[in-house]
Amino acid sequence: MFNIKKAIKEMLPVVKSGFTFGVPISNYSHGRNPKPVLSIKSSVKPFKLFPSLGRPISSSSIQVQSTDQEIVIALGSNVGNRIQNFNEALRLMKNYGVTVTRHGCLYETEPAYVTDQPKFLNSAIRGTTKLKPHELLAVLKRIEAELGRTSGIRYGPRPIDLDILFYGHLRVNSDVLTVPHERIWERPFVLAPLIDLLGSCVENDTVATWHSFANCKNGLFDIWDKLGGESLIGKEGIKRVLPLGDQLVDWSKKTHVMGILNLTPDSFSDGGMFLEVDDAVSHFRSLVSEGTDIVDIGAQSTRPFAERLTVDQELDRLIPVLDEIIKIPESKGIILSVDTFYADVAAEAVNRGVHVVNDVSGGTLDPKILSVVADLGVPFITMHMRGDPSTMQNCNNLHYGDVCKEVASELYQRLCAAELAGIPLWRIVADPGIGFSKNTEHNIELISNLPIVRREIEKFSNIRLCYFKNK
């Protein structure tokens, strides 16, 4: 069993308690030199740290010995299976006492400082922990070692790199640990996922403290804007990507076409056409020859008023076709998606070679699907729908005041559920559900105002939405 105290003792022989200190927000923002202390109480009156954002900072106690501290950890990898390295790092963080609450988007970046090495994947997470700063450092070093990182050249290749960007309200300065991380301010590949996590406003005192460390009027937002901000994405060696199969897809570069293969007798467009395995495989080949990038395979009809199949019935339709498709040469390089709301069907399909789980219910019809997809490590398309296919078009489910805002609010709840179940934001695609629990007017309103729906979701969540599916 990993002994945190022993690890700290071995790793930090010269660290003294005075190296970790709390800083009152008021002292730091006014440029005074704080004295290192273990616990400090601020008695200043409330004031506005960022006037342009209009978020007041209230007087509060900053206790270093708090049972839970909010933290931000940066992740990087450029050796081996980079996505798998991230997945394992997140799993081990959970095991060692870090609760992940939010994930940034995923970025592929050119290496910095030492440029003769493979490209990196970068992201960041927010979370909470009871571990003290140097205990957390020891845990992260342990995780790096378990994932195969060894000593090498500074800024050189590594299977995983885990850095503490922020820890509660604290500034830390010791021989082995500096918080905030000293190079945040110059690294777009760190700031991009960090801004994803912080959203567009200062939501609490802890986040206000992190902004104050930047010594700018609008904190980290100003630092990001000075580096180029969102205009950097897709340029300057940094692109936002979605892991699909063995590919990292940059959706800003092209429109990807999804073809539909329905293995059902009653789907509204092609029901009954591909019930036989040979017919289904032939249609798959046609979709590929016509330029399809993704093929979505569904064995359960989700048309209005459709009756629900059991798991076994859905698998009986799906598996024979899927097994044949996986065998044929045309499937190479094609992303396969399974359209299902059952956890067991999702697991079976992914284990047989499917790359994406597409759930029209967003996890409401079989809540187990969220934790199953989290463990499977594949992207998850979470869609907005009220009720189920048999009830989604009834009067109650078609009642909206402002369809864009209400769809955004309800879809945001599904995004939260997926992320809290352990599906990183970089693997979640949000789908507003055109045609599901909507009439023609609702569909037109949504299609005409998709940017509004996206902005509303980001406003609710205070995070950047990585991937948004436009039907």
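Just after α10, G353 takes a positive phi of about 125 degrees. Helices here are DSSP runs of H or I with at least four residues, strands are E runs of at least two, and both are numbered from the N terminus. Keep in mind that this is a predicted model: local features need pLDDT of at least 70, side-chain atom pairs count only at pLDDT 80 or more, and totals for chains, interfaces and linings use all residues. Residues are numbered from 1 along each chain as its sequence is written, and side-chain values use heavy atoms, with hydrogens and water left out.

**Helix α10 and its surroundings**

- The buried residues in α10 are A343, V345, A346, A347, A349 and V350 (buried means under 20% relative accessible area, with a 1.4 Å probe and protein chains only).
- Those buried residues pack against α9, β17 (335–339), β18 (356–359) and α11, with contact meaning heavy atoms within 4.5 Å.

**α10 against α11**

- Helix α10 (residues 343–351) and helix α11 (residues 368–376) have axes 8 Å apart and pack at an angle of about 20 degrees; axes are lines fitted to C-alpha atoms over the stretch in contact, and angles run from 0 to 180 degrees between N-to-C directions.
- α10 and α11 are therefore roughly parallel to each other, a label for angles under 35 degrees.
- Their crossing is right-handed, that is, the near helix is turned clockwise from the far one by less than a right angle.
- On the α10 side, A343, D344, A346, A347, V350 and N351 meet K368, I369, V372 and L376 of α11.
- By class, this contact of α10 with α11 has seven nonpolar, one polar and two charged residues (Ala, Val, Leu, Ile, Met, Phe, Trp, Tyr, Cys and Pro count as nonpolar, Asp, Glu, Lys and Arg as charged, the others as polar).

**α9 against α10**

- The axes of helix α9 (residues 311–327) and α10 come within 10 Å and cross at roughly 15 degrees.
- That makes α9 roughly parallel to α10, and the crossing of α9 and α10 is right-handed.
- V311, E314, L315, L318, I319 and L322 of α9 make the contact with D344, V345, E348 and A349 of α10.

**Nonpolar cores**

- In the largest nonpolar core, of 59 residues, L261, F284, L318 and V357 touch the most other members; such a core is a set of buried Ala, Val, Leu, Ile, Met, Phe, Trp, Tyr and Cys residues joined through side-chain atoms within 4.5 Å.
- Helix α12 (residues 403–420) gives this core its largest share, eight residues.

Notes. Parallel < 35°, antiparallel > 145°, perpendicular 65-115°, else oblique. Buried < 20%, exposed > 50% of the residue type's maximum accessible area, 1.4 Å probe, protein only.
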